Every structure is written in C-alpha cells, then in structure tokens.
Amino acid sequence: MAKILEVANLHKEFTLFILGAKKIRALENISFDMEEGEIVGLTGKSGAGKSTLMKCVYRTYLPTSGSMRMRRADGTFLDLSDAPEHEVLALRRTEMRYCSQFLHAIPRVPAMEVVSEGLLARGIAREEAFRQARDCFERLGLPEELWDAYPSTFSGGEQQRVNISRAILSQPRFLLVDEPTASLDLKTKGAVIDMLLKLKASGTSILLITHDEHTLNRLSDRCLHLENGAVRNAVEV
Amino acid sequence: MSQPQDQNWLLRVRGLTKIHGDPGHNTIELTGPEHATNICPESGAIVAIANIDFDLYPGEVLGIVGESGSGKSTLVQLLYFDQPATHGRALFREVDEGRSNILTLSNQRKRFIKNHLMGMVYQNPRDGLNFNFTAGGNIAEKLLMAGTFHIGKIRGRANYLLTQTEVPVQRIDETPSSFSGGMQQRVQISKAIANNPPLVFFDEVTSGLDVSVQAKVLDLIRRLQQESGISMIVVSHDLGVIRMLTDRTIVLKHGRIVEHGLTDQILQDPQHAYTQLLVSSLL
C-alpha cells in the first residue's frame with residue numbers, strides 16, 4: 001500500500017507576543033506515516049496536542065519545524081508544512097477535508113446548501129447534490145423541517161450532523177475528523193460510523209480524533225497515543 | 001500536464017510602492033513597522049505603501065487587513081489607477097497575456113482596462129457613483145464606456161443587475177441620493193460588475209452600514225463570487241468580513257506586508273505580534 005502522509009520530526013510552538021513573547025510548546029518531535037485507505041486514531045488526554053496536530057496537517061496552524069509530506073492523487077508529493085498557499089487551497093478544494101469539533105458554516109446559508117457545497121464545487125448538478133444531501137440527512141435523522149434552516153440556530157447534535165454530512169458528501173481522499181460522534185445518540189453514532197467505514201472502503205484515508213471507545217474500536221486500524229505533545233506509543237488495534 | 005501552479009496567476013504585483021512628497025535615499029529603510037512610522041525622519045516624505053508583492057489567482061478572494069493608515073486603500077487605488085504608483089509592477093493576465101506592466105500603460109489603455117476588465121466598489125458610494133445620474137444611468141455609464149450603445153440592451157442589463165443585487169427595479173430612474181446606504185452600495189456593486197470584469201476591488205464596502213444591511217451586502221458579494229468566479233481583492237479592517245469572504249489574507253502595517261497566509265491560519269495561528277494584537281482585539 002502506498003503512503004498518503006509521512007510526518008517527520010514535527011514541532012509546533014506558539015509564541016504569544018501579547019504575553020511578552022511567551023512560548024508554549026504544543027507538539028514535540030512527532031513522526032508517523034499513514035497508508036492509503038487507513039484510519040489512524042489519535043488518542044490522549046485533553047490538551048495532549050491531538051487537535052493541534054490535526055490543524056498542523058490542515059495548515060490552519062503553521063508548524064515550527066519538521067515535514068508533512070502528502071502524496072496527492074496525481075502521485076506527486078507536497079510538503080504541507082511549507083507548501084505555497086495556493087497549493088494548500090487547491091488541495092483543500094479537491095482532496096483534503098477537515099471536519100472540526102464544531103460547525104463553522106458561513107452565516108445565513110441553509111443546511112442543505114452548506115452540505116451540498118462540496119458536491120457543487122466538484123461540478124455535480126444541483127438536483128443531484130440536493131438528493132444526496134437529503135439522503136444523508138435522512139440517514140442521520142436530521143429533522144426535515146431543519147433542512148432549509150440556518151445551522152447557526154441548531155442544537156449541538158444537529159450542528160454535528162450537518163458538519164459530518166458536509167465532510168462525508170464531499171468524498172475527500174484524505175479526511176481529518178475531530179470528534180465525529182460526540183453529542184450524538186447511539187443510533188446516530190452508529191450511522192456516522194457506518195458512513196465513515198463506507199468512505200474508507202472507497203479508498204479515503206482518515207485521521208480521527210475521538211474520546212469515544214466504541215467509535216475508536218470500530219473505526220481505527222491503528223492508534224497514535226499523544227502525551228504532552230509527543231507520541232508515546234503506536235498501538236495496533 | 002497543466003502548467004505549474006505558480007504560473008497560473010491572474011494578477012502579479014511586485015515591488016508596489018507609493019510615496020507622497022520627495023523621498024530621500026533612506027526613506028524606505030527608515031520607515032515601516034520596525035520604525036513604527038511611515039513618515040521619513042530625514043525627508044518628511046510619507047510612505048503610503050512600499051515593496052508590496054503578491055499574486056492573485058483566478059477565482060480567488062484575497063483579503064487585505066490593517067488599521068487606518070496602513071495603506072490598504074492606497075494599494076487597491078494604485079491597481080485601479082486612481083493614483084499613480086511611485087514604483088512597482090502589476091502584471092494582469094488579461095492584458096498582453098500578462099507581459100506588460102499595467103501601471104505604466106497609456107491613459108487610453110488604462111481607461112480600457114478600468115472599463116472592461118476591472119470594477120471597484122468604494123467605501124463611500126459618492127466615490128463610485130455619480131449622484132446627478134439615476135441608478136440606471138450610473139450603470140449605463142459603465143456600459144457605454146465599454147462600448148455598449150444599444151439603449152434596449154443597456155436598459156435590459158441595468159434591470160438584470162439591479163434585480164440581481166436586490167435593488168427595486170421600480171426605482172431605476174431615481175438618483176442614488178434618495179437611496180439608503182445599503183442600497184447605494186448595491187447600486188455601486190451593480191455598476192462595478194456591469195461588464196462582467198474578471199477582477200473586482202472592494203474597499204471597506206460594509207463600513208458604516210448597520211449590521212443587518214452589512215450582512216445582506218456581504219451575502220450578495222459572496223453569491224456573486226460563487227456564481228461567476230470573479231477574482232476579488234477585499235480591503236477591510238473588519239476580521240469578520242475577512243473571515244467570511246476571503247481564502248487568503250495579507251496583513252499590512254505602516255505600508256508593509258507584515259504577514260500573509262491562509263485566512264484560517266492568519267486568524268487562528270497569527271505569527272506576527274501585530275496580527276496577534278488584531279486577532280485578540282476581535283469582539
């Protein structure tokens with residue numbers, strides 16, 4: 001199997017100028033690889049650096065040093081730690097998707113449109129995109145009267161379902177997903193897990209953060225345990 | 001294979017500089033964020049912006065943030081030929097396949113570029129609209145400049161644009177002075193996009209509007225961008241506007257770029273002390 005991501009000696013330090021250039025070390029010497037089509041679970045206590053690592057890979061955070069080579073669909077490599085902004089944007093549009101813990105949606109856009117945005121961007125016709133969105137909402141049990149409402153007014157669990165629907169429907173090659181099943185009931189949790197497994201079966205690689213044992217056991221092929229910003233041990237599941 | 005990505009720009013700006021007054025030999029070195037001033041201590045010249053480099057890609061929305069006086073508006077005004085640049089190059093793919101510095105072209109060619117290939121929406125509607133003309137007349141002016149003389153076509157296009165920007169078409173024959181601030185901005189946007197330009201500049205277009213009107217104008221800009229893929233440069237001191245509209249952001253201070261990056265990175269992991277201050281000041 002080909003590797004999709006090779007992270008080597010990644011360090012991340014925040015310098016807070018407002019607090020007299022105080023330095024906070026968040027990640028220390030992180031190295032790991034991910035195979036194509038693999039699900040890697042990131043585990044560790046709150047504050048261990050899981051989300052920081054994920055945001056570095058997505059380049060929302062700028063790594064302090066180290067490299068993160070991603071193999072793109074066309075077989076070429078891109079080092080996400082210092083790739084030109086345009087290359088990262090192009091990658092986000094076509095191959096790499098980040099589904100954060102909380103929904104960040106443009107205000108005043110109906111749930112249906114938020115979710116089908118990724119499909120429309122790939123040139124799928126509006127009706128077909130909406131059909132897939134409806135199908136996804138149905139499976140995740142999002143009440144129909146919310147489909148054309150603005151997600152900013154939704155409850156935590158409803159927002160979560162919009163967020164995960166958007167990520168799954170865009171069918172990325174590489175998905176970064178932070179707590180996809182938190183604040184969901186058992187049945188919906190199961191539906192999300194099934195959808196992520198289906199995505200994996202279609203070839204998607206997933207980097208997963210979850211505190212939920214059940215979600216972790218059903219999804220991850222392998223775990224990376226973080227403690228104080230460093231990898232403690234890599235565990236086969 | 002497609003051409004390498006870094007050659008795919010629509011607009012390439014290098015070394016763009018605007019100095020008011022007579023600069024001395026050290027004017028550039030003695031000004032900027034590290035000196036906390038844009039006034040040269042030796043010559044008294046004012047460096048509005050200096051050594052600005054960036055590329056804008058097709059379909060991209062680039063944000064420019066900074067406090068008042070940081071040079072944000074100067075930057076877009078130089079590119080729209082409202083003021084002459086002191087130095088620098090701006091290559092525009094739509095003009096001579098990107099080989100000519102558009103800043104040094106003849107006035108006639110600059111006028112052509114402004115009328116056919118660019119649009120500008122100013123903070124103050126009085127800068128972008130003629131208040132002696134009607135709303136329809138203002139749009140007609142831009143169409144006439146680009147060589148559309150058929151009165152029916154002009155009327156049709158003006159109707160279409162006003163509908164698109166949700167200005168009541170019944171008011172097409174009124175002057176903008178009788179319109180609300182939000183409506184004036186929407187007429188200005190109609191005028192700016194009248195000839196389907198590939199590049200539009202927005203200079204603090206929502207400042208001074210109340211929040212509900214601001215939201216409608218921002219939604220309109222976003223919708224136009226999604227539907228037509230226009231490249232945009234959005235100048236704003238409001239990080240909320242930048243977050244909502246832009247893909248990449250440039251941070252200006254005392255006329256220099258202190259930081260640039262993906263917009264989410266600038267907002268969540270700002271590297272420069274000044275950007276950190278800006279982000280932490282966000283309500």
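**Notebook: chains A and B of a predicted model**

I began with chain A, where I counted seven helices and ten strands, taking helices (H or I, at least four residues) and strands (E, at least two) as DSSP runs numbered from the N terminus. Its radius of gyration is 18 Å, close to the 18 Å that the globule rule gives for 237 residues, so chain A is as compact as a globular protein of that length; the radius is taken over C-alpha atoms, and the rule is 2.2 Å times the number of residues to the power 0.38. I also noted that the C-alpha atoms of chain A fill a box of roughly 50 × 45 × 35 Å along the principal axes.

Before going further I wrote down the conventions: residues are numbered from 1 along each chain as its sequence is written, and chains are lettered from A and ligands numbered from 1 in the order in which they are written. The model is predicted, and local features need pLDDT of at least 70, side-chain atom pairs count only at pLDDT 80 or more, and totals for chains, interfaces and linings use all residues.

**Confidence**

I looked up pLDDT, the predictor's confidence in each residue, from 0 to 100. The mean for chain A is 93, with 98% of its residues at 70 or more, and the mean for chain B is 94, with 98% of its residues reaching 70 or more. For the model I recorded ipTM 0.92 and pTM 0.92.

**Helix packing in chain A**

I then turned to α5(A), residues 156-169, and its contact with α4(A), residues 126-139: the two pack at an angle of about 130°, with their axes 10 Å apart. Axes here are lines fitted to C-alpha atoms, for helices over the stretch in contact, and angles run from 0 to 180 degrees between N-to-C directions. The pair is therefore oblique, given that angles under 35 degrees count as roughly parallel, over 145 as roughly antiparallel, 65 to 115 as roughly perpendicular and the rest as oblique. The crossing of α4(A) and α5(A) is right-handed; a crossing is left-handed if the near helix is turned anticlockwise from the far one by less than a right angle, and right-handed if clockwise.

In this pair I see Gln132(A), Ala133(A), Cys136(A) and Phe137(A) of α4(A) meeting Ser165(A), Ile168(A) and Leu169(A) of α5(A), where contact requires C-beta atoms, placed from the backbone, within 7 Å. These residues are five nonpolar, two polar and no charged; Ala, Val, Leu, Ile, Met, Phe, Trp, Tyr, Cys and Pro count as nonpolar, Asp, Glu, Lys and Arg as charged, and the others, Gly among them, as polar.

On α3(A), the residues Ala111(A), Val114(A), Val115(A), Gly118(A) and Leu119(A) meet Val162(A), Ser165(A), Arg166(A) and Leu169(A) on α5(A); by class I noted six nonpolar, two polar and one charged.

**Chain B**

In chain B I counted ten helices and nine strands. A compact globule of 283 residues would have a radius of gyration near 19 Å, and the 19 Å of chain B agrees with this.

I checked α4(B), residues 135-145, against α6(B), residues 181-192, whose axes come within 8 Å and cross at roughly 25°. The contact is made by Ala135(B), Asn138(B), Ile139(B) and Lys142(B) of α4(B) with Val187(B), Ser190(B) and Lys191(B) of α6(B).

**Between the chains**

Last, I looked at the interface, in which 15 residues of chain A are in contact with 19 residues of chain B. The chain A side has nine nonpolar, two polar and four charged residues.

Methods. Two residues are in contact if their C-beta atoms, placed from the backbone, lie within 7 Å.
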